Amino acid sequence: MKKIKLLSIGLLLFTSLATGVTTFADEKAKDEGWDVPNIALGNGLSEDEKNKTNEILTKDIDKVKELKGIDITKNNQFIVDGNDLVKYVTDVPEFTANSKAYSSALIARTKSGSGVNVEIVTPQNITARTEAMYRSAAITSGVYDAYIRIASVKPMDGSGALAGIYKIYDEVDPATDGTDQKKRDEKREVAQDQMQVVSSIDEANKDNKEYSSENMLVMLADIQLELQKINKKLADMSQEEKTQEVGKVVDNQIEQNGLKDAISSDQRTQIINNMVSFTGTDAMTDSEMTKQLSGFKDDLVKNGKEFKDNLLSEENVEKAKTGMSGFWQSIKDFFSNIFN
């Protein structure tokens, strides 16, 4: 009997050790996926165009300070197709499974606290999304501490690259279970809805020379940060009460950021609805998102290419005359062949 007990204990110990080794191996494989840059190429590219895009995305990558310590001599490759566009880029409903992607992305995980940094290396060919927009979408969807490069060998709106960012994240760092995936999808949906709202406001202000996309994105980050501060208060409210409270925060930030005359009543409602959806995600209690949003906002205010640092002055708050530049062109123009 004693021998049987010892054998049972031994088998149990062996099983535990084996399970531990398997778990360690799984985690190690996941970590190694971030040890090298990951590239997502559009499925509409020819082989020559894929090679050219690879060259563009990796050119002088050894000089990027954010990638210090990462093995840039290797990379993982992924292909973005129409199914990925439908799945990930929900702010463009015209996509189908037959759509082609052309714009492409490189993403590498960087050290903790570094934030999300985006470089569009072919700005002349990304017609509808700015570096700040990619950063905002990544952070809101839960992609943190990353260096991202965007490129296209031909003029495109940039949706393929955005889908590539999301696909790489799911492939290299998959959700642990269905619940985790649901949380990830909810945040991603909020990010895409947010981009749709931004596009409509931009289109309405395309002739407004005082308008800046970066100021708009700073305002949205401010709203999200304010909502995180009152998370407990909102959690105890009915849906109607929550919508009213979110509306107060939105109105206050529109006023403070001088965007009152640039945002219509319908667009204000869209922002409120988007932010109500934001309050229903786990981002509300995510301290890491708070850090990433704060860093993103502060960086735009200090170093933004289009941010107008006088917009928050008392004079301009009174005038409430700002907005986004015409970076968002009508996306539907690109869909005569439903190509991206």
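Tutor: The dialogue below treats confidence, the sheet, a helix, the cores and a loop residue.

Student: What do the numbering and the pLDDT cut-offs refer to?

Tutor: Residues are numbered from 1 along each chain as its sequence is written, and side-chain values use heavy atoms, with hydrogens and water left out. This is a predicted model, in which local features need pLDDT of at least 70 and side-chain atom pairs count only at pLDDT 80 or more, while totals for chains, interfaces and linings use all residues.

Student: What is the mean pLDDT of the chain?

Tutor: pLDDT is the predictor's confidence in each residue, from 0 to 100. Its mean over the chain is 84, and 81% of the residues reach 70 or more. Over residues 1-31 pLDDT stays under 50, and the model has three contacts there beyond four places in sequence; contact means heavy atoms within 4.5 Å. Residues 310-339 also have pLDDT below 50, and that stretch has 86 contacts in the model beyond near neighbours in sequence.

Student: In which order do the strands of the open sheet lie?

Tutor: Strands of a sheet pair through backbone hydrogen bonds, either parallel or antiparallel. Here, strands (E, at least two residues) and helices (H or I, at least four) are DSSP runs numbered from the N terminus, and two strands pair if DSSP finds at least two bridges between them. The five strands follow the order E2-E1-E3-E5-E4, with mixed pairing. E2 (76-80) and E4 (116-120) are the edge strands, each pairing on one side only.

Student: Which pairs are parallel and which antiparallel?

Tutor: E4 and E5 (residues 146-151) pair in the parallel sense over five bridges, with Arg-149 in E5 as the bridge partner of Glu-119. E3 runs antiparallel to E1, joined by three bridges, and antiparallel to E5, joined by six. Ala-40 stands opposite Ala-105 in E3, and Ser-104 stands opposite Ala-151 in E5.

Student: Why is E3 described as largely enclosed?

Tutor: Buried means under 20% relative accessible area, exposed over 50%, and partly exposed in between (1.4 Å probe, protein chains only). Five of the six residues of E3 are buried, so the rest of the structure largely encloses this strand.

Student: How many residues of helix H4 are buried?

Tutor: In H4 (residues 131-141), 11 of its 11 residues are buried, including Glu-131 and Arg-135. These buried residues pack against E4, E5, H5 (159-172), H6 (178-204), H7 and H11 (287-303). Just after H4, Gly-142 takes a positive phi of about 105 degrees.

Student: Which residues have the most contacts inside the largest nonpolar core?

Tutor: A nonpolar core is a set of buried Ala, Val, Leu, Ile, Met, Phe, Trp, Tyr and Cys residues joined through side-chain atoms within 4.5 Å. The largest has 71 residues, and Ile-150 and Ile-271 have the most contacts inside it. Helix H7 (residues 213-229) supplies the largest share of this core, nine residues. Beyond its neighbours within four places in sequence, Ile-271 touches residues including Val-197, Met-219 and Ile-263. Another core, of 15 residues, lies apart from the largest one, and Leu-45 and Leu-106 are among them.

Student: Where is Ser-99 found, and is this residue buried or exposed?

Tutor: Ser-99 is in the loop between H3 (82-88) and E3. Its relative accessible area is 1%, so Ser-99 is buried. A polar atom of its side chain lies 2.9 Å from the backbone nitrogen of Thr-96.

Notes: A polar contact is a pair of N or O atoms within 3.5 Å; within protein, one must be able to donate a hydrogen and the other to accept it, and residues adjacent in sequence count only if both atoms are side-chain atoms.
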